[in-house]
Every structure is written in C-alpha cells, then in structure tokens.
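Let's take a walk through this model, going from the sheet to the packing around it and then to the rings. Keep the viewer open as you read.

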Amino acid sequence: MGKVTGFLDIERRDSSYEPASERVRHFREFVIELSEDELRDQGARCMDCGIPYCQSGCPVNNIIPDWNDLVYSGDWRRASEVLHSTNNFPEFTGRVCPAPCEASCTLNIQDDPVTIKSIEKNIAERAWQEGWVEPEIPRHRTGRSVAVVGSGPAGLACAQQLARAGHYVSIYEKQARSGGLLRYGIPDFKLDKLLIDRRMAQMKTEGVRFHSGIHVGVDLPVSYFLDNFDVIVLAGGAEEPRDLDVKGRSLSGVHFAMDYLRSNTWRVQGLDVPDHEFISAKGKNVVVIGGGDTGSDCIGTSIRQGCESVTQIEILSQPPEKEDKGLTWPNWPHKMRTSSSQAEGCERIWDVKTQSIEGDDSGRVSTLQCIKVAWDHADGQWSMKDIPGSGFALKADLVLLAMGFVHPVYKGLLENLGIEVDQRGNVKAPENGANAYRTNLENVFVAGDMRRGQSLVVWAIHEGRRCARAVDMFLRGKSDLPG
C-alpha cells in the first residue's frame, strides 16, 4: 500500500478537461493531466483493503495496489513493469476504458475511489518518455506461423504475445491502416492515433508483420491461410450493426454510426475521402439513436463538425443518479453517466421509440416520428408498451444509428471457413479447458468481440492474451505466456 493514512489525509483528485468551448474546435486529445506530485498523492490513497476488488473488477487483472504503491514511492520504472505484466497497451486503456476498477475500489463505497485510470495512463506515458518500453525479442524462434485476422485490440494483443513466444506472426487488416476499432472507431480526440503507430513500431521489431488493405475471405481466399499458416486466429470483432426496422430507414441521411465515425476519422487522419462519400454533420440537426459509447462518440464528432443541434434518444429509461452501493458494489453499477461529449452540448431523451422516418421531396431525411414508452417488470421479464398520446416529432437532417452490434459479419471469412456460431450468433469457442478459444476447426482460434460479443477494449486485450496462451499451448504443448 501507499501511505497508511493516505485515504484519510488526501482528497481524491482526477485529471480535468479543456473547456468545452475550446476543445470542440479541434480533434486533438483534451485531457489535462495531474502533476507528478499530485499523482504521487493519489497513489498514496490506495489503502490496505485486504481484498483488492479493483483487480477482479479489471478484466486484465491489473495488479493495481502494487503500481499505486510504486508511484507513491517514486519508482515509476518498476510501476511500468508491473503494469505491462498484465496489460499490453495501458496507454489505450488509460484513455478509453470506463474504469470498472474504480467502481470496484473499496473507497468507492463512499464515492471516493482511487484515481486508478489517470495513474495507469501516466505510468504508461512516463515509460514511453523515459525509453523504458523496449521490444521484447524472443531468443529462439519456434518455426511455427500464425495468421491473425483483425488488428483491433484483441488481434494486436494476441499477436504481440505470440511473437514474444517465438512464433512467426502476421496480422491481416481489411482497412487501409492497422488498428481496427482503435484507429477508425474511436475518435482522435479520445485516442491519438500516433499511439497506435508507436506500439506497432515496437511490435514490428518484435517480429510481427502487418498487412493492411487485405480483406481475408474476399481479397485473399481462406484456403491461402489454411495452406500457409499453422494456426489462424479470428479477431475481426462484432461488426454487424443492429439496424432500425422502420418506414423511411432507406432515406438519404440515415447512417450506421460506425460508417459515420470512420468517414470522419479517415479525413482527420489525412486519408483522401471524396466529398460524395464523406458524411458531415455541418449545419445539420443530428439525431443519434442509442445511448452508449458509440453514440457519445457520434455526438462529440457532430459538434466538432459544426452541427446545428444534436439530440440523443434512448429506448431505455434514465438510470438513477446514484447507485445503491449495498446492492451493486463491487460490481459495475447501473447509474446515470455523462460523457465529455454529451457535456459539450447535447439533449438527451429517454424512453423513446422511433416509429418512422420521414423525408422531403428529394428523398432526404427531414423528421423522426417518435413515441414515449413505459417499461414494466413482471415475472422476471421486462416488457415495453407505447404511451398513448405521447407521440412527437424531431427535426432531423442526419440520423445516426448507434444501437450496438449483434454479432460478427458472416459473409466471406466465417462462411467460407464453415465456422460454427453460438446461440447469440458469435463464433463458438469455450473460454476454458483444453479447447479454450478454439473453434470447430482444429487450427482456427478466436478472440475478442468475435467470440464474446460487443464489449470493452480492455476485455478485447484480455481475450487476445488468453487466446495467445491457448495457441502457444496448441503449437508447443506448453506455454510460458500468462493465462
């Protein structure tokens, strides 16, 4: 632990943001970090709580009390070693993870958790600045080869671990540049893409080969990978978006959220996007359907593009402002949260169902017809019904569907391989046991959202690491990789 009475003597402090009026003018990161002395004090607040629920609350099981204590002691290099022992990419999670570890912190019982996320991010950045993050090149090569399909956090983590175990690893990505969701799904103002390039440079030195702009199963047949690699790891994510089955869905100006976000990030990152393919919110009344992180990213992007207004509608009811700690802690609580993007200027409406989308004479969206709904919980089941007379219209020049993702895309790779899926539509593979992360094909494994469904970046890293160990065991009959 840090200072014995730190949690009593020192108040919680966290990083802050540039004023909204300033940050909406650009697509750069806008977090204002704590000073080194302030971070040291926050590390001192980590108490000797006996059972560190923060570690179980963290999907990659970060050894949080240890690196908090090391920051308090000023041993940043050792803190980096401990942090990287469980997490390949703490500079990513320190920015985009919602920090379930903080929800599990013992001090969160009184709404005063240790600022774990900020400390994690600053350890990672300090390590890069000091040159402590070096390639981990294996002493021996096994001669076995692995193709990782998908370069998001699961694919990157899996590839890095396997390369460090001595295998020849190649990553295949259908987009123009590697990074998957990290590069094209998360806006630059939340995650600077130079951070991805920095990690990729380390991985290339470790032996990972990156192949972009290759859609496996479309540009290259799956037979090529079955013939040329000992193992294939599927890490393509859950990319099939949930659609909105209402009249007017096909009108111009109605887009899936990820198509909108990709369009913007391509331009922000300097790629050539023709005007007829670029989706812009400039001067438009934007309606975002869906209340999750993807919807929030659409809000922040729309505001930066210069929209006239942005409204976010959610079919679920508004969560409580504060959770009941006795019922929820140390688990992730269901409560009201406001993202930095939502705080920049967004109207949020709850208990809303879209009935239809209307357009003008040119075939472009102009109005959303909505109705309020009521939820009822009986016999262990939730049911929803329309509230008579509660219908209303929303002016909409751009509608973004951010209602989540249902399962992986089947067409191409999965269909050609003949991969089995589970009841939820995800690739079927056990999490534990002798066949952990293995599909119905002996030498084809799966990790990340493609296996577990839409989830957090930190869960993807966890899956990639565990899948790497399973592949290593399959190839060598043993593994020194962490499980």
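Two strands pair if DSSP finds at least two bridges between them, and the strands themselves are DSSP runs of E with at least two residues, while helices are H or I runs of at least four, both numbered from the N terminus. What you have here is a predicted model, where local features need pLDDT of at least 70 and side-chain atom pairs count only at pLDDT 80 or more, though totals for chains, interfaces and linings use all residues. Residues are numbered from 1 along each chain as its sequence is written, and side-chain values use heavy atoms, with hydrogens and water left out.

Five strands make an open sheet in the order 5-4-3-6-18, with parallel pairing. Strand 5 (209-212) and strand 18 (444-446) are the edges, each pairing on one side only. From one strand to the next, the twist averages 20 degrees, using axes that are lines fitted to C-alpha atoms, with angles running from 0 to 180 degrees between N-to-C directions.

Strand 4 (residues 168-173) pairs with strand 5 in the parallel sense over four bridges, and Tyr-172 has His-211 in strand 5 as its bridge partner. Strand 3 and strand 4 also run parallel, joined by five bridges; here Ala-147 is partnered with Ser-170 in strand 4.

Strand 3 (residues 145-149) is mostly covered, with five of its five residues buried (under 20% relative accessible area; exposed is over 50% and partly exposed lies in between, with a 1.4 Å probe and protein chains only). Ser-145, Ala-147 and Val-149 point one way, Val-146 and Val-148 the other, and all are buried.

That brings us to the packing. A nonpolar core here is a set of buried Ala, Val, Leu, Ile, Met, Phe, Trp, Tyr and Cys residues joined through side-chain atoms within 4.5 Å. The largest one has 65 residues, and Trp-67, Val-233 and Val-471 have the most contacts inside it. Helix 19 (residues 457-476) supplies the largest share, nine residues. Which residues does Val-471 touch, leaving out those up to four places away in sequence? They are Val-146, Leu-162, Val-231, Val-233 and Phe-445, where a contact means heavy atoms within 4.5 Å. There is also a second, separate core of 20 residues, including Leu-261, Val-286, Ile-299 and Phe-405.

Finally, the rings. The structure holds eleven aromatic pairs: rings of Phe, Tyr and Trp (its six-membered ring) pair if their centres lie within 6.5 Å, with planes under 30 degrees apart counted as stacked, over 60 as edge-to-face and the rest as tilted. Phe-27 and Phe-189 have ring centres 6.3 Å apart and planes at 40 degrees, so this pair is tilted. Phe-27 lies in the loop between helix 2 (20-23) and strand 2 (31-32), and Phe-189 in the loop between helix 11 (181-185) and helix 12 (194-206), so the pair ties together parts that are 162 residues apart in sequence.

Tyr-224 is partly exposed at 35% relative accessible area, whereas Phe-225 is buried at 1%.
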